[in-house]
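Biologist: I would like to go through the terms used for this model and see what stands behind each of them. Please set each value against its cut-off.

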Amino acid sequence: MKESVIVVPYDANWPSQFQEIAGRLRQSLGDRALRIDHIGSTAVPGLDAKPVIDIQISVPALEPMIYAPAIESTGYVYRADNPDRTKRYFREKEGQPRTHIHVRESGSWSERTALLFRDFLREHESYRNLYASEKHALAQRYSRPDQRHLYVDGKDPIVWRILYAASKWSQTAGWRPGKRDC
């Protein structure tokens with residue numbers, strides 16, 4: 001059953017929750033994962049977010065899915081119905097804390113964009129505040145569980161606005177993905 005979108009104030013426990021999950025993933029995946037990173041809003045200190053830990057696992061290649069058994073052994077379920085073909089997507093089992101695992105090919109546009117978006121928001125409070133404000137407005141506007149997709153789609157304009165600014169910043173700052181989180 002779908003849940004309503006709830007945006008909550010930043011929780012200082014989110015990084016440690018990520019570290020706990022990522023540690024289990026790292027142990028299970030070994031060198032099949034080139035990097036494991038905390039991405040999404042819960043990875044940005046001070047940013048209000050849905051209480052969902054987003055994790056990006058970078059692998060040499062999406063296919064064959066040699067990493068899937070290792071991820072599944074840590075309690076996550078592959079979601080073949082995910083329409084985004086630039087990643088493979090895993091979710092928590094029922095009763096586990098909300099976790100989205102995005103497996104992306106190392107060096108791909110989608111892998112680097114997730115890291116750039118996170119890093120830009122970490123460095124720019126004004127954009128963090130703008131993003132949080134828009135997320136709260138959308139969560140209020142689309143509060144019913146059957147409207148969750150409208151919340152997600154509604155974020156597109158602000159996300160692209162932030163990515164435009166992040167792209168310009170990356171060029172002047174010489175941004176490159178930093179060391180992996182785990």
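Predicted model: local features only at pLDDT ≥ 70, side-chain atom pairs only at ≥ 80, totals over all residues.

Biologist: What makes the contact of Asp37 and Arg35 a salt bridge?

Modeller: The term asks for a side-chain nitrogen of Lys or Arg within 4 Å of a carboxyl oxygen of Asp or Glu. For Asp37 and Arg35 the N to O distance is 2.6 Å, so the pair qualifies. By this rule there are twelve salt bridges.

Biologist: Why is Asp37 called buried?

Modeller: Buried means under 20% relative accessible area, exposed over 50%, and partly exposed in between (1.4 Å probe, protein chains only). Asp37 has 0%, so it counts as buried. Its partner Arg35, at 11%, is buried as well.

Biologist: Why is Asp146 called partly exposed?

Modeller: Asp146 has a relative accessibility of 47%, which means that it falls in the middle class. Arg144, at 44%, is also partly exposed. These two form a salt bridge, with the closest N and O atoms 3.0 Å apart. A network of salt bridges with shared partners joins Arg35, Asp37, Arg118, Asp119, Arg122 and Asp181.

Biologist: Why are α3 and α6 called roughly perpendicular?

Modeller: Helices (H or I, at least four residues) and strands (E, at least two) are DSSP runs, numbered from the N terminus. Angles under 35 degrees count as roughly parallel, over 145 as roughly antiparallel, 65 to 115 as roughly perpendicular and the rest as oblique. Helix α3 (residues 109–123) and helix α6 (residues 156–173) pack at about 85°, with their axes 9 Å apart, and therefore they are roughly perpendicular to each other. By class, their contact has twelve nonpolar, three polar and two charged residues.

Biologist: What makes β1 and β3 edge strands?

Modeller: Two strands pair if DSSP finds at least two bridges between them. The open sheet has five strands in the order β1-β2-β5-β4-β3, with mixed pairing. Strands β1 (35–39) and β3 (76–78) each pair on one side only, so they are the edges.

Definitions and conventions
Residues numbered from 1 in each chain as written. Heavy atoms only, no water. Axes fitted to C-alpha atoms, helices over the stretch in contact; angles between N-to-C directions. Nonpolar A, V, L, I, M, F, W, Y, C, P; charged D, E, K, R; others polar.
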